[in-house]
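Thanks for taking a look at this one with me.

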There are 2 protein chains.
Amino acid sequence: MPPETGPQPPLHRQLEAEIRGRISSGRWRAGTSLPSEAALSSEFGVSRGTVRQALTALRDEGLLFGGRGRRPIVRSGAKSQPFSTFLSFTEWAHAQNLKPGQRTLEVARREASAEACCALGLPDGAQVVDILRLRLLDGEAAMLERSSFALDVGRLLFDFDAESGSVFEFLHERGISLDRAHHTIDAVAASTADAQILGIGTGAPLLRERRTTYDSAGRAVEYSDDRYLPTLTNFSIENRVGRSAPLVRQLPPRT
Amino acid sequence: MPPETGPQPPLHRQLEAEIRGRISSGRWRAGTSLPSEAALSSEFGVSRGTVRQALTALRDEGLLFGGRGRRPIVRSGAKSQPFSTFLSFTEWAHAQNLKPGQRTLEVARREASAEACCALGLPDGAQVVDILRLRLLDGEAAMLERSSFALDVGRLLFDFDAESGSVFEFLHERGISLDRAHHTIDAVAASTADAQILGIGTGAPLLRERRTTYDSAGRAVEYSDDRYLPTLTNFSIENRVGRSAPLVRQLPPRT
DNA sequence: GGGCATAACTTGAGCGTACAAGTGGGTTGG
DNA sequence: CCAACCCACTTGTACGCTCAAGTTATGCCC
């Protein structure tokens with residue numbers, strides 16, 4: 001018996017993965033048209049509505065384009081990007097054929113920073129578990145991660161094998177299911193501490209991603225301040241007119 | 001007769017706008033549940049499928065959350081963000097209750113830069129129309145925009161009233177319909193030129209958004225390098241597990 | 001009054017249909 | 001030979017239905 005496959009993902013998601021695979025494997029080359037929705041529907045034995053759900057997701061990612069009356073076309077120069085930002089650094093690195101690495105510099109229980117308090121919805125002076133990790137790509141420093149976990153979740157992390165696997169996977173195995181996350185992206189100058197750890201000059205530009213992660217009940221569980229070397233990582237998004245894109249440009253809150 | 005309303009947007013988009021309005025107007029407050037899909041469906045006189053399309057879009061934006069069996073809940077602290085990144089700087093500023101401004105520093109026809117050539121799919125040494133604009137928010141410098149337009153489109157821009165309205169609107173009125181755009185976000189240090197125009201120090205961190213815009217035929221029309229003051233603007237995205245988010249983390253191409 | 005099973009309600013997933021709108025190819029007529 | 005036309009095909013939108021899975025409220029029993 002296979003090791004507990006778990007529940008199958010819904011059909012439209014399976015189809016989405018299958019199509020992604022055919023594109024990245026070169027079976028459906030860039031610039032060429034896909035079979036029509038009707039053809040896909042009969043090939044996979046699902047309804048057109050389900051096919052459309054899968055195609056819509058791929059269209060939103062920019063892998064496919066084309067309009068009414070035209071068959072969907074594989075976007076030229078589109079290297080299939082089969083993952084979401086929500087995936088852990090570890091998984092992401094593997095998908096890019098890079099060897100992820102990490103050095104956990106600190107795991108500490110302490111009073112939450114003002115930012116973390118606000119993001120996690122905790123009262124002033126509440127305790128959290130802070131983790132400071134340096135992330136590597138092929139042995140090179142790529143990102144500095146400062147996470148704060150709510151106390152009940154963070155407590156588990158003292159048992160976390162810091163050198164392997166992802167925190168998300170670790171928590172999932174312990175029954176804590178993260179459900180959604182909110183990311184804010186901006187740029188900051190490297191602080192003296194940042195610079196020392198990342199091996200760059202103080203004041204060098206870093207790409208910052210601040211993340212608040214929620215569990216399925218809607219409670220904020222993690223707040224993280226990740227600082228990327230912009231030469232090694234950036235973010236990318238596709239959007240179409242009419243379709244409102246989930247990335248928004250915003251003013252930082254006045255402080 | 002009203003001044004040419006044009007074709008109505010599809011029903012599910014109208015519904016989406018209506019719901020957004022009710023949330024931002026405070027009629028449906030944060031933390032409270034929305035009416036059930038069935039109730040909405042009968043109130044608006046559309047099918048549940050259409051209601052679900054609208055709700056899904058709002059859920060993807062993070063305005064709503066809640067799972068199977070639970071009525072959708074308005075996310076607390078969610079200030080309705082009724083616009084996409086695709087909207088012009090001008091429209092975005094208005095939506096934020098800020099007075100947009102701009103100084104057009106240069107409109108020139110010249111040989112395309114290597115980056116623009118690559119992004120627009122032009123042969124080496126092809127000509128483009130470059131526009132350099134400083135964008136202001138309430139009179140303060142906020143962003144520096146370096147756009148390159150394909151020649152046939154760019155030609156029109158010499159007639160563009162540089163001090164008012166948006167380029168997108170201008171082009172739309174002339175029958176050029178931009179359809180989708182691809183954005184790459186990273187951080188850079190301000191060059192000497194950047195610093196001088198924006199009034200900051202050389203080497204200060206800037207949030208960079210590089211954008212390639214395509215028309216409905218799939219041809220790249222514009223390439224732009226926008227550099228934001230991170231203190232005045234940042235980007236934000238919401239995603240949920242399972243649902244693959246359209247924002248991806250990626251390695252910059254090796255140069 | 002408290003605890004528990006159950007029923008009613010709600011969302012997620014999927015199928016089927018119908019028609020409108022746009023594309024593209026083939027045919028026909030000048 | 002070319003142009004205009006028409007028709008088949010494809011996607012976009014919208015409707016309806018069914019069932020499964022999860023939540024919530026009800027009401028019953030002890």
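Predicted model: local features only at pLDDT ≥ 70, side-chain atom pairs only at ≥ 80, totals over all residues.

1. Let's begin with DNA strand D. By class, the surface near DNA strand D has 5 nonpolar, 8 polar and 8 charged residues.

2. Now turn to DNA strand C, which 19 residues surround. The closest are Leu11(A), Thr50(A), Gly69(A), Ser36(B) and Glu37(B). Two or more residues come from each of helix 1 and helix 3 of chain A and helix 2 (37-44) of chain B. The largest share, 3 residues, belongs to helix 3 of chain A. Sorted by class, the surface near DNA strand C holds 5 nonpolar, 8 polar and 6 charged residues.

3. Helix 1 of chain A deserves a look of its own. Its 14 residues (11-24) should span 20 Å at 1.5 Å a residue, and its end C-alpha atoms are 20 Å apart, which agrees. Leu15(A), Glu16(A), Ile19(A), Arg20(A) and Ile23(A) are buried in this helix. What covers them includes helix 2 (37-44), helix 3 (48-61) and strand 2 (73-74) of chain A. After the helix comes Gly26(A), whose phi is positive, near 90°.

4. Back in chain B, helix 3 (residues 48-61) passes the length check too: at 1.5 Å a residue its 14 residues should span 20 Å, and the end C-alpha atoms are 20 Å apart. Its buried residues include Thr50(B), Val51(B), Ala54(B) and Leu55(B). Gly62(B) follows this helix, and its phi is positive, near 90°.

5. Finally, the largest nonpolar core. Which of its 28 residues touch the most other members? They are Leu206(A) and Leu206(B). Helix 4 (89-95), strand 5 (140-150) and strand 7 (205-215) of chain A, and helix 4 (89-95), strand 5 (140-150) and strand 7 (205-215) of chain B, each supply at least two residues of this core. Leaving aside neighbours within four places in sequence, the contacts of Leu206(A) include Val188(A), Tyr228(A), Leu229(A), Ala187(B) and Pro205(B).

Terms used
Residues numbered from 1 in each chain as written. Chains lettered and ligands numbered in written order. Helix = DSSP H or I, 4+ residues; strand = E, 2+ residues; numbered from the N terminus. Expected span 1.5 Å × (residues − 1). Buried ≥ 20, exposed ≤ 12 C-beta atoms within 10 Å, placed from the backbone. Contact = placed C-beta atoms within 7 Å. Near = placed C-beta within 6 Å. Nonpolar A, V, L, I, M, F, W, Y, C, P; charged D, E, K, R; others polar. Core = buried A, V, L, I, M, F, W, Y, C linked by C-beta atoms within 7 Å.
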